[in-house]
Amino acid sequence: MSLWDWLSRWSWGGAPVPAFYDESYRLPLTGIESSAGIEPRGVDFTTWYLLEARALRTQDVHHPQPVSLAELARVHDAAYLESLGQPETLARIFATDPADVPVDALLSNLRRVCGGTLGAARLAVARKGPVVNMAGGFHHAGPARGGGFCAVNDIAIALAALHADGFDGQAVVLDLDAHPPDGTAECLAGQKRAWIGSLSGSDWGALSPEVDETRVPEDTDDRTYLALLDGLLERMPRPDVAFVIAGSDVLAGDRFGRVGLSLDGARRRDRALARALRGIPSVWLPGGGYHRDAWKVFAGTVLVLAGQGRRRIKARYDPLSARYRRIARSLTREGATPLDEPITQEDLEGALGLSGGQRQPRILGYYTAQALEYAFFRYGILSYVERLGYSRLRVEVGSVGEGDRMEVHGCAAGQEHLLVDCVVERRVLAGEPFLFVNWLSLRHPRARFSEGRSRLPGQDVPGLGLAREATQMLLVMARRLVLAGVAFRPMWFHLAALARSRFRFLDPARQGRFEALLRDLGQLPLLEVSQAVVDGHVLLNGQPYAWEASDMVSRLEPEAGDVEAIARERERCRFTWEPTRLATGA
């Protein structure tokens with residue numbers, strides 16, 4: 001153990017840091033991943049990893065109460081709060097379409113996250129140490145406006161509540177998000193005992209005099225950034241309570257951040273912050289993050305606070321896959337759960353002809369409708385779909401010509417909708433048995449297509465945003481059925497592109513051509529490339545290219561495949577997109 005880790009354990013008592021979290025922290029916006037590049041599962045990823053790493057213990061995770069309207073009104077104007085009940089207002093703040101905004105669920109989310117920041121502040125003052133809220137840091141929300149994915153200012157709301165509780169000490173806001181704290185500056189303007197210090201990579205105009213703002217060079221290196229941070233911390237007044245936005249958008253390559261830190265640099269940032277705030281009540285928040293590894297930044301923050309700052313997160317660690325495997329193991333330990341049902345009396349009577357009925361249908365001879373519904377419940381899918389505005393969810397199973405069919409239906413606005421439609425079968429590919437998905441449709445009929453959420457080939461309604469969860473559930477099913485993995489045949493380019501992190505084409509040459517297509521055109525918008533392939537505007541080595549619908553597989557036990565054959569075909573192929581030439585026949 002390093003000296004710093006030993007000191008951290010001694011300073012924080014060697015125990016996991018308290019944290020506020022709720023599964024409803026996930027934004028109920030199904031299109032935000034594609035439209036804004038936000039990973040909606042990021043808060044969950046961080047929390048799941050920390051629980052597995054035992055940097056958080058379940059007994060230290062607090063489920064917050066939503067802030068009251070009176071607590072919101074201490075900071076925000078009445079007219080603005082009233083406007084948040086309109087989907088158009090929230091859609092503007094979250095860069096999505098009004099039809100994709102479940103107003104009640106989203107406002108409930110915001111109030112609960114603010115409740116987490118307030119609960120963390122009160123607990124931090126009581127224990128005179130650090131407390132984490134796994135979401136929050138809404139620093140772009142001002143008294144009468146929102147923006148930048150921030151509708152209400154949780155820091156200002158929490159500080160106003162502390163003042164109402166009798167706190168009158170020095171408050172410090174250390175904003176290490178990649179963007180400046182314009183909204184927080186407005187909310188705290190004129191408060192003499194509130195100091196804001198910020199390092200950001202963007203210029204959003206002049207801020208109030210209370211803000212000590214430093215603009216870091218674009219794509220700055222770790223050393224330069226940390227030197228600027230040291231200067232900011234030297235200027236910081238001695239706080240009686242501190243709010244820290246340990247921004248997760250500071251990584252090099254972040255879609256909206258321009259700072260350029262490495263994961264190690266972000267971890268060193270957090271060590272410096274923790275040293276400066278040792279023994280001081282502090283609330284730690286993640287702020288923004290628009291990089292695939294953004295969740296790892298705040299996970300590292302909490303590891304530092306828990307005295308595990310030298311612990312590394314594996315580069316290929318997948319929190320969703322790890323969580324689903326843990327749940328599957330727990331279901332197995334429970335014995336005869338609905339996922340591993342014994343033959344029921346209904347089955348037995350049907351088989352013996354005593355009831356005149358049929359054995360209840362099972363997917364692949366194994367999963368009943370009740371079994372699948374219970375699985376959806378345990379994996380958190382039902383609660384998420386309900387937050388999107390659907391109720392009375394029910395599962396149906398049966399058989400069709402292409403295999404066994406599973407459907408999920410839900411009601412909204414007095415009408416029942418088909419939400420999930422999946423047809424699967426066992427199929428042998430290259431001598432191995434796979435769970436083959438003939439059809440999978442994840443449907444969100446309450447949403448609509450718009451400029452920010454375009455229709456992909458083959459779609460009739462927008463998706464539920466649950467493709468990764470569906471893949472993990474199918475892999476769990478394949479493991480329980482003792483199959484080699486999951487397979488499907490993508491009929492469009494975008495389906496293969498979206499699945500490429502987990503699936504590969506079974507034929508090495510086909511995989512090579514696909515990788516060449518991604519190499520040559522992958523920097524272009526997914527919709528445009530997929531549509532161009534459909535329209536015949538993509539050329540392979542100068543000739544029109546038609547999409548090849550071939551089998552892709554995701555093995556439970558990954559194998560390298562024929563790397564040389566893939567590479568040969570990839571290097572042989574050159575893809576271009578020339579719609580003008582093809583349209584004119586030139």
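**Figure 1. The open eight-stranded sheet of the predicted model.** The sheet is open and its eight strands follow the order β2-β1-β3-β8-β7-β4-β5-β6, with parallel pairing. Because β2 (61-62) and β6 (211-215) each have a single partner strand, they stand at the edges, and one side of each is left without a neighbour in the sheet. Two strands are taken to pair if DSSP finds at least two bridges between them. Helices (H or I, at least four residues) and strands (E, at least two) are DSSP runs, numbered from the N terminus. One of the pairs is V131 with its bridge partner V283 in β8. This is a predicted model, in which local features need pLDDT of at least 70 and side-chain atom pairs count only at pLDDT 80 or more, whereas totals for chains, interfaces and linings use all residues. Residues are numbered from 1 along each chain as its sequence is written, and side-chain values use heavy atoms, with hydrogens and water left out.

**Figure 2. The open seven-stranded sheet with mixed pairing.** Its strand order is β9-β10-β11-β12-β13-β17-β14. The edge positions belong to β9 (391-400) and β14 (504-505), each with a single partner strand, so one side of each is left without a neighbour in the sheet. Strand β11 (residues 415-429) is joined to β12 by 10 bridges, and the two run antiparallel. Across this pair, V423 has W439 in β12 as its bridge partner. The loop between β11 and β12 contains A430, which has a positive phi of about 50° although it is not a glycine. Most residues other than glycine have a negative phi. A430 counts as exposed at 65% relative accessibility; the classes are buried (under 20% relative accessible area), exposed (over 50%) and partly exposed (in between), computed with a 1.4 Å probe on protein chains only.

**Figure 3. Strand β13 and its two partners.** Strand β13 (residues 485-488) is covered on both faces: G485 and A487 are buried on one side, V486 and F488 on the other. In a regular strand the side chains alternate between the two faces of the sheet. Three bridges connect strand β12 (residues 432-442) to β13 in parallel, whereas four bridges connect β13 to strand β17 (residues 552-555) in antiparallel fashion. F488 is the bridge partner of V437, and F488 also has M552 in β17 as a bridge partner. Together, β12, helix α17 (residues 467-480) and β13 make a right-handed β-α-β unit. Right-handed here means that, with the strands pointing away from the viewer, the path from the first strand over the helix to the second runs clockwise.

**Figure 4. Helix α3 and the residue that follows.** Helix α3 (residues 42-53) has 12 residues and reaches 17 Å from its first C-alpha to its last, close to the 16 Å expected. The expected span is 1.5 Å times one less than the number of residues. The helix is mostly covered, with 10 of its 12 residues buried; among them are F45, W48, Y49 and L50. R54 has a positive phi of about 65° although it is not a glycine, and R54 is exposed, with a relative accessible area of 67%.

**Figure 5. The packing of helices α10 and α11.** Helix α10 (residues 222-235) and helix α11 (residues 263-276) pack at an angle of about 15°, with their axes 10 Å apart. That angle makes α10 roughly parallel to α11, a term used for angles under 35 degrees. Axes are lines fitted to C-alpha atoms, for helices over the stretch in contact, and angles run from 0 to 180 degrees between N-to-C directions. The crossing of α10 past α11 is right-handed, which means that the near helix is turned clockwise from the far one by less than a right angle.

Figure 6. In helix α12 (residues 294-305), 12 of 12 residues are buried, including W295, K296 and F298. Just after α12, G307 takes a positive phi of about 80°. L331 lies in helix α13 (residues 319-333) and counts as buried at 0% relative accessibility. L331 and V152 are 179 residues apart in sequence and 39 Å apart in space, C-alpha to C-alpha.

Key. Parallel < 35°, antiparallel > 145°, perpendicular 65-115°, else oblique.
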